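My notes follow in the order in which I looked things up.

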Amino acid sequence: MEKEAPPPPPPPPPPPPPPLVPRVGVVVYLLKGNAVLLGRRLSSHGHSTFALPGGHLEFGESFEECAAREVKEETGLNIDKIELLTVTNNVFPTNQSHYVTIFMRAVPIDPSQQPQNLEPDKCSGWDWYEWNNLPEPLFDPLEKMIKGGFNPFPTSS
């Protein structure tokens with residue numbers, strides 16, 4: 001009589017979840033006159049709030065390159081005079097995310113060009129809003145900056 005083969009060993013346990021690490025986001029205060037470009041978010045984080053165009057920094061990319069790429073991908077606009085404004089550290093405990101956010105300032109190359117909504121699954125549309133009459137609700141990090149007195153417009157020296 002033949003011996004039965006031993007049962008196969010149990011499968012290995014699943015790997016542990018990846019560690020929570022901060023991500024780098026780049027957002028752009030795109031200015032035209034006294035107005036700033038904002039779009040209403042459709043993602044689960046910050047759903048229905050108004051936010052600046054932007055996204056994740058890709059490997060090897062400069063802040064300026066990321067700003068130009070993200071604005072073009074989201075709005076179809078080409079931008080100029082791209083400069084660093086400030087950096088914030090945003091921790092969102094409810095969805096276990098942590099972002100270091102690079103805030104840039106820029107202007108459209110062609111001020112008459114209208115923004116397009118090129119990512120309708122992420123944003124319901126883009127529009128220009130006067131700085132002294134911003135829509136509500138604003139995305140939390142943006143709202144905190146503004147309530148803290150931040151102003152993205154250049155000051156004349």
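**Entry 1: terms and model.** For residue classes, I count Ala, Val, Leu, Ile, Met, Phe, Trp, Tyr, Cys and Pro as nonpolar, Asp, Glu, Lys and Arg as charged, and the others, Gly among them, as polar. The model is predicted, so local features need pLDDT of at least 70 and side-chain atom pairs count only at pLDDT 80 or more, while totals for chains, interfaces and linings use all residues. Residues are numbered from 1 along each chain as its sequence is written, and side-chain values use heavy atoms, with hydrogens and water left out.

**Entry 2: the largest pocket.** I searched a 1 Å grid over the protein atoms alone with a 1.4 Å probe; a pocket is an open set of points with protein on both sides within 12 Å along at least five of seven lines, and lining residues have an atom within 4 Å of a point. A volume is the space filled by probe spheres set on the points, which are joined across faces, edges and corners. The largest pocket has a volume of about 890 Å³. I found 39 residues in its lining, with R41, G54, G55, H56 and Y99 nearest the centre. Two or more lining residues come from each of β1 (23–32), β2 (35–41), β4 (54–56), α1 (63–75), β5 (79–92), β6 (97–108), β7 (123–130) and α2 (140–147). Helices (H or I, at least four residues) and strands (E, at least two) are DSSP runs, numbered from the N terminus. The largest share of the lining, 5 residues, belongs to β6. By class, I noted 17 nonpolar, 13 polar and 9 charged residues in the lining.

**Entry 3: helix α2.** Which residues of α2 are buried? I take buried as under 20% relative accessible area, exposed as over 50% and partly exposed as in between (1.4 Å probe, protein chains only). The buried ones are P141, L142 and M145. They line one face of the helix, because they fall within an arc of 100° when α2 is seen down its axis; the arc is that of the directions from the helix axis to the C-beta atoms. K144 and K147 are exposed on the other side of α2. The buried residues of α2 pack against β1, β2, β3 (50–51), β5 and β6, contact meaning heavy atoms within 4.5 Å. After α2 comes G149, with a positive phi near 95°.

**Entry 4: strand pairing.** I count two strands as paired if DSSP finds at least two bridges between them. β1 and β6 run parallel and are joined by 8 bridges; Y29 stands opposite R105 in β6. β5 and β6 pair in the antiparallel sense over 11 bridges, and N90 has Y99 in β6 as its bridge partner. The hairpin of β5 and β6 has 4 residues between the strands.

**Entry 5: backbone features.** Q96, in the loop between β5 and β6, has a positive phi of about 50° although it is not a glycine. Q96 is exposed, at a relative accessible area of 57%. I found its C-alpha atom 7.6 Å from that of L20, 76 residues apart along the chain. K81, in strand β5, is another non-glycine residue with a positive phi, near 55°. K81 is also exposed, at 60% relative accessibility. Lastly, I checked the peptide bond between E136 and P137, which is cis, with omega about -5°. P137 sits in the loop between β7 and α2.
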